[in-house]
Amino acid sequence: MQVFIMRRAAIALSSILLLASPLSQATEYDSGRGPNGQVVGDGDSDGGMFSNLLKDGKPAPKEGEYTMPDLAKLKEWAQVTIPHQPVQQNDYAIALDSITVGKDDRIVRYVMMVKSKRGKARNVLFEGLDCFSNQYHTYAWANQQGEWQTFSDPKWKLITKDTHNSWQAELVDEMCQLNEPYKLEAIRSNLKTDSSDKFGCSGCGQQ
């Protein structure tokens with residue numbers, strides 16, 4: 001009887017090690033930093049893919065074609081309030097005239113601005129949000145000349161709350177209904193309620 005119990009324990013331990021091995025082999029996610037050293041994304045160490053498969057069982061979405069917005073033409077900004085932000089050091093705004101909903105992939109894409117409350121530093125980011133898998137993707141950031149700089153190896157990541165700069169958790173409530181995005185007009189209307197004119201963005205370059 002004792003031998004049988006020990007054998008069962010050995011099998012259980014082997015199963016745990018097999019489940020854990022993919023995580024131990026995963027390389028650390030390099031989320032990238034904006035021009036002011038600000039970390040882009042929530043900084044999950046597994047890059048989102050492993051977290052996504054373990055939590056939701058949904059892979060990264062397949063993307064259709066999209067066009068990056070012209071920064072110089074973005075004029076309509078709305079403030080985004082993040083009630084669950086641990087430390088309120090920044091102001092956040094989204095360009096309402098940058099928001100699109102992909103015709104084929106149903107991904108909501110937008111331009112987000114993160115502005116320091118203590119100085120002139122700001123980061124302007126182009127991102128995508130997938131309602132079905134509850135993931136987001138940071139494509140690029142704006143340099144000092146107001147031009148897009150793309151990340152070399154961007155990854156889809158789970159949307160989470162209570163982490164640094166987790167504005168995606170607030171946006172998902174305004175952009176998604178269940179597993180589908182709202183219509184474009186509804187998304188812009190939902191976000192326009194907090195509209196503000198204090199986010200000037202002449203070309204959206206860093207200041």
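Because the model is predicted, local features need pLDDT of at least 70 and side-chain atom pairs count only at pLDDT 80 or more, while totals for chains, interfaces and linings use all residues.

**Strand β4.** I looked up β4 (108–116), a strand being a DSSP run of E with at least two residues, and found seven of its nine residues buried, that is, under 20% relative accessible area with a 1.4 Å probe and protein chains only.

**Its partners.** I then asked which strands pair with β4, where pairing requires that DSSP finds at least two bridges. β2 runs antiparallel to β4 over five bridges, with Asn90 opposite Ser116. β3 also pairs with β4 in the antiparallel sense, over two bridges, and Thr100 has Arg109 as its bridge partner there. With β5 the antiparallel pairing has eight bridges, one of them between Met113 and Val124, and five residues lie between β4 and β5 in their hairpin.

**The core.** I turned to the largest nonpolar core, which has 26 residues; such a core is a set of buried Ala, Val, Leu, Ile, Met, Phe, Trp, Tyr and Cys residues joined through side-chain atoms within 4.5 Å. Among those with the most contacts inside it are Tyr110 and Leu129, and β4 and β5 each supply at least two of its residues. A second, separate core of 15 residues includes Leu71 and Trp148.

Terms used. Residues numbered from 1 in each chain as written. Heavy atoms only, no water. Buried < 20%, exposed > 50% of the residue type's maximum accessible area, 1.4 Å probe, protein only. Helix = DSSP H or I, 4+ residues; strand = E, 2+ residues; numbered from the N terminus.
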